[in-house]
Amino acid sequence: MQKKAAMHNFLTTDLYAITSEEHSLGRNNVEVARQLVEAGIKVLQYREKDKKARQMYQECLAIRDLTRQAGVTFIVNDHIDLALLVEADGIHIGQDDLPVQAVRRLIGNDLLLGLSTHKPQEAEAAAESGVVDYIGVGPIFSTATKKDVCAPVGFEYLRYVVEKISLPFVAIGGIKEHNIAELKQLGVSQFALITELVGAADIKQAVQRLRQKLKE
Ligand code: 3NM
């Protein structure tokens with residue numbers, strides 16, 4: 001997918017789905033991705049912390065196929081090699097990963113580069129770098145899904161990003177059906193969710209209910 005099209009999916013007000021097999025009720029990542037794509041998700045990130053490279057490669061290849069056919073923006077978390085090998089649309093990294101300038105040198109200009117941020121200085125640095133396409137902002141609410149995550153940043157940091165940072169951003173961390181509308185009112189248009197989506201017994205229904213909340 002062209003970078004512009006990949007970004008277009010990203011900019012529409014909607015859900016940003018992230019995989020996590022341990023929270024997927026016994027379903028594997030590829031099956032969950034298939035259900036998310038069938039439910040109409042437009043941005044999907046492959047995130048898997050405890051698997052061998054070979055297995056992640058196979059899963060990413062399968063998910064790349066699914067997402068390409070459906071015009072879904074496919075982003076790989078952390079693994080630059082995997083993102084390049086499967087021709088993903090983007091890579092998402094954290095503050096402890098390689099510097100964004102170095103990553104940009106590796107991936108070239110055609111892939112989206114996303115960076116997790118947790119405080120104003122990190123958002124400012126991302127914006128000033130000139131190489132980051134979007135930032136993650138979180139955790140907004142408390143979450144048990146990410147093991148090494150910092151304490152929730154609440155709305156204060158979110159408000160800061162809405163008002164002061166010109167980069168597109170995606171809110172993350174503890175986002176659920178009952179709090180998503182509140183975030184939209186604060187100016188969020190992309191909502192990244194793990195457990196609320198991959199941990200739903202009926203993924204299609206979960207997507208529909210969350211989207212309904214965004215319309216209200
Ligand atoms: N990153 P859930 S919070 C992967 O703040 C991740 O950067 C975060 O999972 C950050 O939707 C988080 O189940 C976990 O709360 C999000």
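Reader: Where is Glu87 found in this model?
Author: In this predicted model, Glu87 is found in the loop between helix 4 and strand 4.

Reader: Why does Glu87 count as partly exposed?
Author: Glu87 has 14 C-beta neighbours inside 10 Å. A buried residue needs 20 or more, and an exposed one has 12 or fewer. The value 14 falls in between, so Glu87 is partly exposed.

Reader: What makes the phi of Glu87 worth a remark?
Author: Its phi is positive, about 60 degrees, although Glu87 is not a glycine. Most residues other than glycine have a negative phi.

Reader: Which value of phi does Leu25 have?
Author: Phi of Leu25 is near 55 degrees, again a positive value in a residue other than glycine. Leu25 sits in the loop between strand 1 (14–18) and helix 2.

Reader: Why is Leu25 called exposed?
Author: Leu25 has 12 C-beta neighbours inside 10 Å. The limit for exposed is 12 or fewer. Leu25 therefore counts as exposed.

Reader: What makes the bond between Gly138 and Pro139 cis?
Author: Look at omega. For this peptide bond omega is about -5 degrees. Most peptide bonds are trans. Pro139 lies in the loop between strand 6 (134–137) and helix 7 (154–164). Gly138 is also among the residues that come nearest to the ligand, along with Thr143, Thr145, Ile194 and Thr195.

Reader: Why are helix 2 and helix 3 called roughly parallel?
Author: The axes of helix 2 (residues 29–38) and helix 3 (residues 53–70) cross at roughly 10 degrees. Angles under 35 degrees count as roughly parallel. The two helices therefore qualify. On the helix 2 side, the contact includes Val30, Ala33 and Val37; on the helix 3 side, it includes Ala62, Ile63 and Leu66. By class, this contact has seven nonpolar, two polar and two charged residues.

Reader: How do you know that Asp78 and Asp97 cluster in space?
Author: UniProt, in an unreviewed entry, places the feature "binding site" at these two residues. They are spread over 20 residues of sequence, yet the largest C-alpha distance is 7.5 Å. Asp78 is also in contact with Asp97, and with Ile93.

Reader: What makes Asp78 and Asp97 partly exposed?
Author: Asp78 has 18 C-beta neighbours inside 10 Å, and Asp97 has 16 other C-beta atoms within 10 Å. Asp78 is in the loop between strand 3 (73–77) and helix 4 (80–85). Asp97 is in the loop between strand 4 (90–93) and helix 5 (100–107).

Key. Residues are numbered from 1 along each chain as its sequence is written. This is a predicted model: local features need pLDDT of at least 70, side-chain atom pairs count only at pLDDT 80 or more; totals for chains, interfaces and linings use all residues. Axes are lines fitted to C-alpha atoms, for helices over the stretch in contact, and angles run from 0 to 180 degrees between N-to-C directions. Helices (H or I, at least four residues) and strands (E, at least two) are DSSP runs, numbered from the N terminus. Angles under 35 degrees count as roughly parallel, over 145 as roughly antiparallel, 65 to 115 as roughly perpendicular and the rest as oblique. Two residues are in contact if their C-beta atoms, placed from the backbone, lie within 7 Å. Ala, Val, Leu, Ile, Met, Phe, Trp, Tyr, Cys and Pro count as nonpolar, Asp, Glu, Lys and Arg as charged, and the others, Gly among them, as polar. A residue is near a molecule or strand if its C-beta atom, placed from the backbone, lies within 6 Å of it. UniProt positions are given in the numbering used here, feature names are shortened, and annotations may be inferred rather than shown by experiment. Lists of a residue's contacts leave out its neighbours within four places in sequence.
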